[in-house]
Amino acid sequence: MIGRLRAGVGDPVLLVLVILLSLFGVAMVYSAGQLDVPTVRVQDVWRLQLAWLGVALIAFYVVLRIPVRWLEWITVPAYVVSIILLAATLVIGQGFGTAKGTKSWISLGPLTFQPSQFANLAVIMMLARVMGNWREPPRSITKLLLPVGIVALPMALVALQPDLGTALVYTSILLVTLYWSGAPVGMIFMLVSPVLGLLLSFATLPFTIYMVALIAFLYFYRAYLWESALVLFANIAAGAIAIPLWDKLAQYQKNRLLVFLDPSIDPRGAGWHVIQSRVAIGSGGLFGKGFTLGTQKRLAFLPEQHTDFIFSVIGEEFGFVGTVGVLLVFGAILWRLVRIAERCSDPFAGIVVFGIFGAWFAHIIVNVGMTAGVMPITGIPLPFLSYGGSFLVAAYLGVAIAQRIASEQGKV
Amino acid sequence: MQLFHLHARRHRAKVILWVLTLGFGWLGVNFFQTQVLKNSAYALQSEANRLRPLPLLAPRGAIFDRHGEIVAENVPGYSLALLPGHRDSIRARLDRLAPILGLSEAAIEKLMARRSKAPGQPLLIASDLTFDQLASLEEMRAFLPGMMIEMQPKRHYPAGPVIGHLVGYVAEISEDELERPEFDDYLPGQMIGKAGLERQYESLLAGQQGTRYVEVDAMGRIVGELPDWTRVRPVPGRDLELTLDLELQRWVARIFPDSLRGALAAVEPKTGEVLALYSNPSFDPNDFVGGISPERWRELNEDPAKPLLHRAVAGLYPPGSTFKIFTAALALDLGVVDPRAVMPIPCRGGMQYGGRYFRCWKREGHGSLDMAGAIQHSCNVYFYQLGLKIGLERLLLEATRLGFSSPTGIDLPVERKGNFPDGPEWYKRRFGWLPTSTEVLSLAIGQGANDQTALKMATFFAALGGGGRIPAPRLARHLEPKPGMDLEIAPQHMAILLEGLRRVTAPGGTAHLAALEHWDFIGKTGTSQNPHGKDHGWFAALAGPRGGEPEIAIAVIVEAGEKGSISAQYAAKVADYYLRRKYGMEPDTIQTLREYLLAGRSTQWARQQ
């Protein structure tokens, strides 16, 4: 079995890093349950996380044996099933524990799982399937409509469950895979420019400057006339709907965004998370307060300390050394993914690996940035560290696929 | 160009690695700023987050009388507080506590208001739980999270109503007091001296509260306590030793003429030490400790007898004939009269002056009297003429100099100053006219614009008994004597005054029935007119061993006590009790000549004097 495993594992460094990080994650989930106040809920979840790690490793072992070709064959059915499941969560979905407000879980008897975590993989494969067939760079923005549609469909379904963070992850997947598939940077810029227009439209002067710059860009980029017209129209439309859209947001969503700009406007409400997380991290200093000894965590000042804010616990208990250490491990994992993709002569395989890269990169930047208060609070977990079964298993499926790809490319 | 050619892949991988490096580098810089550069600020914030200072109450100093008997002490009491929490949950718990503690809706509102002022502090609900309440609370403990029942010293006054006005009481600090700068260190719910000595010596008795630190969670629940060495220990309050003789005070309260209102002040001559100070009716200061019930408060406030008024230092009464001693002393001092001579106008029941007829209290008249005789018989006509010899302006000036327009300066918070004109302009200010010389006639016999307290008259008599001088009366032993009264009177003149006073209780005197078997007991009766009913009766006295110096000065005012005979009996009984105790004699309830006569005992001693 070891032999077969070794044959499937194309990048042992990546596997070792991932397993070490997961074990460290279980330890941190354990620490997150060590409080000075009665907490029935979080105290024992580390055991569950350990069990989920076992499940994830089994899933890893199974998926490792699936050839990449098979993955390509099941891409379309997997995507369709994912979309159906996402649509189903809107109807029969449930919320649990801290995420009661959202409805992103589906119950299968005693088991509950989050379809959106697995939908990510299906979306990535679907993008790879489509863009892997490109033989030349897309010449016009119309070429990008299909990939955008592939992402937009699940994104729309996920966005209906109130989960803004996942939308950011999809965007990241799309942009990274587009770039890897050879879409010119200027074209990617044209694609995302309406989002910029949306954000900048809240102030008149920046929006005006931005529009002038956009027109100049379109002129020098030699975009098609209709293309330019479309992009300009999209930007103006985005600017026009920005304020009505803002008014339509739920109050907690507005608060989260406003608090991101200035946490002190609501120190007991939405700003609480950011402030307390920053105090936890900041008070950790260079070497931290010691494993399980973080006072902010022990006294329950840290919210969601075992899921979204697990990185704050690391910052408090292991200090700057700990946070940099974990970031370096994450960096190494992503670097290994880039190396695997780089060696892929098969476009489908390469795009899949970069899709996984895009997803994790977004998760890490958004989650870690949130704990430091430089990213808005979105509620997306940290890969391998945050407590959560579906996400851990999904992450290990990603690792398995990457390993399989690495080993197949190595053989070729 | 091949889209997925190795070179293309390498190039794009390089770009993506750069993006990766930038993204992670940006995070790293942020964490360096937060964790390394701003570490101390955040560390401080996390400490402040988790530590809450809680007060450690300082035990209040005890109060002792001059013989070491306890006047005020601390006994174990139980207090109930709720740990900080959300307002709704505190409110719900208060509602559950209400039937046990008898909290009214208004009381709950008040507690909620206090909670919102200091949401992070434990909320003190009651500081004086009864054992029944304690038992009920322990039963309900499971339904009342965050309940903190603590042993807390509780103030107790063993003598109860006997010392009510004198010692005052402690109660929770009020909102107004909290805002005053001198009470900066005080916390809501803390006990503070509200009246009497407890208020006067608050800073001495209170001590300094300490602090302990507890660790709290994000909800403000206490989860642990910091080690002992982090505590700031409270400084216990200092004990207060009084000049008061509590045993005497008990006697004073016990024998106060039944159901009458009035006051007694007993001062030691020479030293100015207050031996007894009592006001009737009194109240039990223990009722106030831990919060007085609204019913009891209303009862005390609406009682027409005004039990809360400290009559001995705040009850003003015209001093009547007791004031004649001052007129006599002043006349002797100024040399305007020969004490052995009689006045030009003999007493025929009154005298004509300034177109008005001024009456003596005795219709049939006293005839011609010398000074001692005039004091003995309290002859108004003699003193009218004495007043005229002194003159209005001089009388006002000297009486003011001696202190009849000011307070005695006793160490009690509520003393009222004497009401006496400090000069002719006083009339202008008060009434809009300047007085004529006839005014001096009234003033000379203790009538007119003149109201004094029992303590003031006791002090004045103590000065007479101590050779003309006395420091300001005081209750605290440790207090340095402050300047009080100085009559500046020659010994031979003093002898004449004392002789006059002696004749008052001698056969034929106005208070002969108050004479005592074992002691010299001399004094002066007084009547102050009461527009509302029977006249108030004064008696101001000096007493001591036979032939010795006076050892106690007493002034008694009994409202509606008429002519001072009740007051004289009372003062005599107090003096007798004090001196018997001082000289180791058995106390007796048959003390005065009147009582000897009523009891059918031999009164041989009274005839021999």
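Predicted model: local features only at pLDDT ≥ 70, side-chain atom pairs only at ≥ 80, totals over all residues.
Chain A holds 17 helices and two strands, whereas the secondary structure of chain B comes to 23 helices and 19 strands. Buried residues account for 50% of the 412 residues in chain A and for 42% of the 609 residues in chain B. Among contacts with a separation of 6 or more, residues 24 or more positions apart supply 70% in chain A and 71% in chain B.

**Interface between the chains**

- On the chain B side, 34 residues are in contact with 43 residues of chain A, and the elements of chain B that each supply at least two residues to this side are α1 (6–37), α2 (39–50), β8 (210–216) and β9 (222–225).
- The helix α1(B) gives the most to the side of chain B that touches chain A, with 17 residues.
- Sorted by class, that side of chain B has 16 nonpolar, 10 polar and eight charged residues.

**Nonpolar cores**

- The largest nonpolar core has 124 residues, and those that touch the most other members are Val123(A), Leu334(A), Leu337(A), Val352(A), Val353(A), Phe357(A) and Ala402(A).
- Helix α16 of chain A (residues 347–371) gives the most to this core, with 17 residues.
- Once its neighbours within four places in sequence are left aside, Leu337(A) is in contact with Val353(A), Ile356(A), Phe357(A) and Ala402(A).
- Another core lies apart from the largest one and has 121 residues, including Leu277(B), Ile325(B), Ala374(B) and Met457(B).

**Met28 of chain A**

- Met28(A) lies in helix α2 of chain A, which spans residues 12–32, and Met28(A) is buried, because 28 other C-beta atoms lie within 10 Å and the cut-off for burial is 20 or more.
- Leaving aside neighbours within four places in sequence, the contacts of Met28(A) are Ile310(A), Val313(A), Ile314(A) and Leu385(A).
- The C-alpha atoms of Met28(A) and Ser386(A) are separated by 8.6 Å, although these residues are 358 residues apart along the chain.

- Strand β11(B), residues 262–267, pairs with β12(B) in the antiparallel sense over six bridges, and Leu264(B) stands opposite Tyr278(B) of β12(B).

**Helix α16 of chain B**

- The buried residues of α16(B), which covers residues 392–402, include Leu392(B), Leu395(B), Leu396(B), Ala399(B) and Leu402(B).
- Viewed down the helix axis, the buried residues of α16(B) fall within an arc of 135°, so they line one face of the helix.
- These buried residues of α16(B) pack against α13 (324–334), α15 (380–390), α17 (424–431), α18 (439–444) and β16 (485–486) of chain B.
- Gly403(B), which follows α16(B), has a positive phi, near 115°.

**Backbone features in loops**

- The peptide bond from Asn280(B) to Pro281(B) is cis, with omega near -5°, and Pro281(B) is found in the loop between β12 and α11 (294–302) of chain B.
- Arg222(A), although not a glycine, has a positive phi of about 55°; Arg222(A) is found in the loop between α10 (204–221) and α11 (225–248) of chain A and is exposed, with 9 other C-beta atoms within 10 Å.
- Ser378(B), also a residue other than glycine, has a positive phi near 55°; Ser378(B) lies in the loop between α14 (371–377) and α15 of chain B and is buried, with 29 other C-beta atoms within 10 Å.

Definitions and conventions: Residues numbered from 1 in each chain as written. Chains lettered and ligands numbered in written order. Contact = placed C-beta atoms within 7 Å. Helix = DSSP H or I, 4+ residues; strand = E, 2+ residues; numbered from the N terminus. Nonpolar A, V, L, I, M, F, W, Y, C, P; charged D, E, K, R; others polar. Buried ≥ 20, exposed ≤ 12 C-beta atoms within 10 Å, placed from the backbone. Arc of directions from axis to C-beta. Pairing = 2+ DSSP bridges. Core = buried A, V, L, I, M, F, W, Y, C linked by C-beta atoms within 7 Å.
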